[in-house]
Amino acid sequence: MSDLPTYSVHPAESPLEPKGGLDPSSTMEKMKDLLQAKDDTSRFVGLALLKSVLDNGQLAQDPENLRMLWEALSPKFLDRLLRAPQSEKVNKAESKDMVDLAVAVLHTFTILLPEESRKQKQLTGRAGPLVKAVVRSSDETTKLILQTLLTIVSQPEGAVELLHFQDISSLIEIASHYPLVLEIVKYTWLNASTIPDEIQAVRTNVDKIIPPLVVAFNETDAVTFISFLGDLLPKLDQEALPGNPKWLRSLTMLLRNLITSKPTAAGRAAYTKLAAALLQAYLATCPELLFKDDISSTVDSKPFSYLFVNLLLIDLRSSFPSLLAQLNNSDYAPTSQRLAAAFDVLSSFIGFLVRSLDDEGISSGYSLAPDLLLKLRKDIAETMSLTIEYLRDRWDASVSGVSGLHPEARIGTAATSEGTRLTLTWESMKDNVNADPLILAGIRALAIWIREDENENLRNESAGLMDMFFELYKSGSQSTLDFKYPVLLALEAILGAEENVEIFLGQTGWEIFFLDLKAIIQQTSDENTLSDASTSAEANRGLQVVRVLLAVIDSSTTSFPREDWMAVVTTTAAMKVLSGTPLPIILEFQIAMLQLSAALLSKASGGMMKRYITSYAALSGLVNQLKAQTNDMIDEIEAAELRGLLEDVALDLGNLR
């Protein structure tokens with residue numbers, strides 16, 4: 001290995017600066033020769049000249065010479081400059097200048113090089129030496145190093161290079177002072193995880209890097225770090241996250257400290273998004289860590305969870321009045337994401353609270369004083385009422401124009417600079433309500449609350465959103481978000497009131513859900529998709545659809561089923577039984593279809609029952625076939641439960657004959 005050059009030329013100087021009559025092409029060739037020389041002193045002179053040319057912008061519009069000079073650079077020589085140690089020949093100032101020169105040249109090349117060149121080893125291989133160079137760098141050079149690293153990891157190849165570099169402690173130590181460090185870590189994980197073979201390495205790296213980052217930000221308000229994780233975790237592949245990491249507790253404590261420190265608006269947005277991300281990523285362990293108090297509250301103090309949820313409720317209620325005015329502003333997207341996260345945390349807390357109450361508080365390790373529970377219930381109900389108002393206004397402003405307006409009344413379009421859109425004068429510029437995370441999170445939280453809290457007024461208010469629910473449900477695969485499960489959950493609670501059943505039927509609810517049922521039956525009867533996860537999800541949704549339709553049939557307002565409803569009976573009778581042993585969820589769905597058919601027949605008039613007499617034998621045969629399939633199930637307890645359901649259906653069918 002060559003010794004480092006004796007430092008005789010300052011990087012800012014240009015020993016071969018082109019003068020009046022000197023041909024620029026000869027300068028390029030001379031630089032190339034110097035960079036490819038065998039001795040480091042010549043290379044250093046060439047590098048100093050190259051920096052001057054790069055700074056002058058001479059290569060920005062000359063891709064051919066840019067590529068030639070980049071290829072002439074020796075990666076090993078650059079690495080030696082980046083780690084230039086102080087010695088007898090090289091003093092501290094010269095060592096620093098060598099690092100500065102190498103960093104400056106690399107930084108400029110990362111800006112000018114085409115994307116294909118930024119993916120190659122000649123650049124990505126400099127990630128490790130750049131990380132090591134941070135220790136000996138000035139503030140200005142450190143910034144250039146971080147910018148260069150960020151460009152390198154913006155490509156999967158560069159991200160993988162840094163991912164496998166063993167020691168980035170020099171970056172972690174300065175993370176609290178240089179936010180770019182967190183950006184580098186984020187894009188390293190995100191881009192490396194796009195390569196399937198690197199998922200395990202990303203998971204290991206996440207587990208390795210987060211603990212020291214938590215320590216690094218312990219002495220700060222940690223807003224930058226918490227904001228970084230809140231943005232990163234929802235984007236990171238679930239498989240790239242450690243299963244039950246030890247750092248989750250310390251991270252949760254950092255989050256709780258921020259929540260209780262009266263943070264700024266940026267801090268509130270950060271803790272809301274991270275809390276939602278953690279609750280989503282760690283469904284089993286995070287709710288208890290976040291909501292449960294480690295020590296018993298004193299008489300005067302309030303549990304952390306109570307304070308936290310109240311902060312979220314206040315944020316939601318205070319934000320609703322100005323949201324519609326922001327619809328066409330750039331501020332709406334981040335506001336929507338923050339409020340959606342607040343709703344997600346609220347949904348998780350409601351689930352946690354219900355489970356705790358079911359476990360009778362003390363045995364669950366979590367309890368809330370009765371007066372606080374009543375006040376919280378009142379505050380959540382008020383927030384949900386305002387949520388319903390906002391959802392109604394948002395839907396009207398973006399899509400329907402006014403509650404109850406038939407879809408055919410808004411078929412007119414107009415050509416504008418934004419494209420063809422509906423002609424309602426009060427709608428938003430972009431009809432993207434079904435891609436708004438706030439709408440989905442709001443409906444989901446509302447659905448969970450009205451199901452768990454027996455508030456008839458709130459359920460009746462929710463019925464005013466029926467037209468919105470149906471259109472969002474029908475949007476299906478056309479939407480970037482899946483509204484089907486929250487809508488079904490909400491309808492289960494709403495249809496408990498008689499007048500709401502009338503609204504459901506008046507908005508063609510039965511037709512919409514029966515059409516979906518037929519599609520689900522078709523998919524769950526396909527032998528080729530028997531074990532697909534998507535088929536299980538479809539069957540699970542089918543169960544929820546059946547519950548909604550059963551609520552309509554069981555309503556006291558339904559004296560007799562309508563003729564078109566009886567198509568359920570013929571569809572069920574024609575249902576195909578799979579040859580192999582189906583998944584238990586598919587069996588349960590098929591049994592639910594039998595239950596729905598039996599419920600319809602039990603309410604049918606005498607004449608209608610006679611018209612469907614031929615279906616009885618087919619339904620009974622289906623019961624027997626499904627019973628036989630339960631015998632092949634591995635889980636005996638589950639099989640016994642399904643057989644019990646089938647026996648009930650057989651009994652109902654027998655009583656109808």
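In which helix is the place of Ala 493? Ala 493 is in helix H24.

## Model and overall make-up

This is a predicted model, in which local features need pLDDT of at least 70 and side-chain atom pairs count only at pLDDT 80 or more, while totals for chains, interfaces and linings use all residues. Residues are numbered from 1 along each chain as its sequence is written, and side-chain values use heavy atoms, with hydrogens and water left out.

The secondary structure comprises 32 helices and 2 strands. Helices (H or I, at least four residues) and strands (E, at least two) are DSSP runs, numbered from the N terminus. The protein has 657 residues, and 52% of them count as buried. Buried stands for under 20% relative accessible area, exposed for over 50%, and partly exposed for the range in between (1.4 Å probe, protein chains only). Among contacts in the protein with a separation of 6 or more, 77% are between residues 24 or more positions apart; a contact here requires heavy atoms within 4.5 Å.

## Ala 493 and its surroundings

Ala 493 counts as buried, at 6% relative accessibility. Apart from neighbours within four places in sequence, Ala 493 is in contact with Ile 450, Arg 451 and Arg 459. Ile 450 and Ala 493 are 43 residues apart in sequence, with a C-alpha to C-alpha separation of 6.2 Å in space.

## Packing of H23 and H24

Two packed helices are described by the angle between their axes and the distance between the axes. Helix H23 (residues 466-475) packs with H24 at an angle of about 145 degrees, and the two axes are 9 Å apart. The axes are lines fitted to C-alpha atoms, for helices over the stretch in contact, with angles running from 0 to 180 degrees between N-to-C directions.

H23 and H24 cross in a left-handed sense, meaning that the near helix is turned anticlockwise from the far one by less than a right angle (clockwise would be right-handed). On the H23 side the contact is made by Met 466, Phe 469, Phe 470 and Tyr 473. H24 contributes Lys 484, Val 487, Leu 488, Ala 490, Leu 491 and Ile 494.

## Salt bridges

Side chains of opposite charge can pair when their charged atoms come close. The whole structure contains 29 salt bridges, each defined as a side-chain nitrogen of Lys or Arg within 4 Å of a carboxyl oxygen of Asp or Glu. In the bridge between Lys 121 and Glu 161, the closest N and O atoms are 2.8 Å apart. This pair links distant parts of the chain, with Lys 121 in helix H7 (residues 121-124) and Glu 161 in helix H10 (residues 156-163), 40 residues apart. Lys 121 is exposed, at a relative accessible area of 54%, and Glu 161 is partly exposed, at 26%.

Arg 444 bridges to Asp 344, the closest N and O atoms being 2.8 Å apart. Arg 444 belongs to helix H21 (residues 437-452) and Asp 344 to helix H19 (residues 332-358), so this pair ties together parts 100 residues apart in sequence. Both partners are partly exposed: Arg 444 has a relative accessible area of 29% and Asp 344 one of 28%. Lys 484 and Asp 516 form a further bridge, with closest N and O atoms 3.9 Å apart. Since Lys 484 lies in H24 (residues 484-494) and Asp 516 in helix H26 (residues 509-524), the pair ties together parts 32 residues apart in sequence. Lys 484 is buried, at 16%, as is Asp 516, at 10%.

## Aromatic pairs and charges over rings

The structure holds 15 aromatic pairs. Rings of Phe, Tyr and Trp (its six-membered ring) pair if their centres lie within 6.5 Å; planes under 30 degrees apart count as stacked, over 60 as edge-to-face and the rest as tilted. Tyr 271 and Phe 308 have ring centres 6.0 Å apart and planes at 70 degrees, so they are edge-to-face. Tyr 271 is in helix H16 (residues 265-281) and Phe 308 in helix H18 (residues 304-323), 37 residues apart. Tyr 271 is buried, with a relative accessible area of 3%, and Phe 308 is buried at 0%.

The rings of Phe 504 and Phe 513 are stacked because their planes are at 10 degrees, with centres 5.8 Å apart. Both residues, Phe 504 and Phe 513, are buried. Lys 484 lies over the face of Tyr 473, at 5.3 Å from the ring centre. Arg 256 lies over the face of Phe 304, at 4.1 Å from the ring centre. A charge sits over a ring if NZ of Lys or CZ of Arg is within 6 Å of the ring centre and within 35 degrees of the ring normal.
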